[in-house]
Amino acid sequence: MNEISSGVELNLVSVPCALCGSAETAPRPVFESFDYEYRTCDNKFQFIACAKCGHVYLSPRIRMRDIDRIYPRNYTVRVTETQYPAFAPFRWLKLNVLDRGWNRKVIANLRAGSRVLDIGAGFGGNLTYLAKLAPFPLELFANDLKFEPEARSYLSDRGVTLIEGPVEEVQCEERFDAIICQHAIEHVTDPGRLVRWISDHLAPGGVLYLETPDLNALSRYFFKNHWQALSTPRHFHLFSRKALAACIRGGNLEIEFHGAIVEASQWSVSLRIKLGMEPYAPRSTGFMYSMISYDNFFTKCISCMIDLSAIMLGLSTVTQALIARKPAALA
């Protein structure tokens, strides 16, 4: 049944597991979902589990020639300077408590003039905030498939060097002291290749900070096929912690931290999708949109408490975070 009615049906292609190379002969669907977020096409998509290694990935998926189709102009990271909520108390909490923690861990490994790359940077909000926190000047680099004119202007005005295109295909002589990769690895066709590129372009002793959805998040079991973290068809992979750790170690990187973090916004977005509402419509759309909103005070408090409780109990939240280091002995 067509649940989107965008009028567009894309040609899809089946693919083998990118982590182990196994080609599925009898796919085992884990999720079945439509593009509920941006309604770019009418296709029904499946995430399947690899029979050999268990990794969950999208197959069949779009052809790469259609990549621009599934990232419309109103795609979140293309049009927002940061992903922080406008409501002042939550903005302060996100910046000064939640984000500052991982930023400080990265900054601890840097010095004046250190080179920092943000992969999938969008408007570069995370990168410029890191630079703001650092007590010394940094040399900043931002990567994305393509930069919209507003993002290009915003970053260039702040002295950020732009690297455009799929980063794993970029020929680059730079070696970075830190690389940020937030919610990017799930979008690429070959995560192992991305990790190898990161390892090759980290200076010895350099650090990687990475975030990606956690396949075993608590919210997965509430929302199932309407789970926002699926983000079909833009997410090609859903990593368990075990699969992500294996992928990172495959790039000769040593993991120093790997755990759950608070990502409260996904609860309201997933609930909207589950109820058939527009995921990113403003609060002014109606009463229900006002109640189920990213910056509604009570909704945000409840969502934060759920995530914090899950972390305290050793459970997974929607986002897993990882810090890894390239051994100093590796040139």
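1. A quick convention to start: two strands count as paired if DSSP finds at least two bridges between them. Helices (H or I, at least four residues) and strands (E, at least two) are DSSP runs, numbered from the N terminus. This is a predicted model, in which local features need pLDDT of at least 70, side-chain atom pairs count only at pLDDT 80 or more, and totals for chains, interfaces and linings use all residues. Residues are numbered from 1 along each chain as its sequence is written, and side-chain values use heavy atoms, with hydrogens and water left out.

2. Strand β6 has parallel partners in β7 (residues 139–144), with five bridges, and in β9, with four bridges. D118 stands opposite A142 in β7 and opposite I180 in β9.

3. Four of the five residues of β6 are buried (under 20% relative accessible area; exposed is over 50%, partly exposed in between; 1.4 Å probe, protein chains only).

4. Of its 28 residues, I119, L208 and I248 touch the most other members. At least two residues of this core come from each of β6 (115–119), β9 (176–182), α6 (191–201), β10 (202–213), α8 (241–249) and β13 (319–325).

5. I248 deserves a look: leaving aside residues up to four places away in sequence, I248 touches V195, L208, L210, L253, I255, L322 and A324 (contact means heavy atoms within 4.5 Å).

Methods:
Core = buried A, V, L, I, M, F, W, Y, C linked by side-chain atoms within 4.5 Å.
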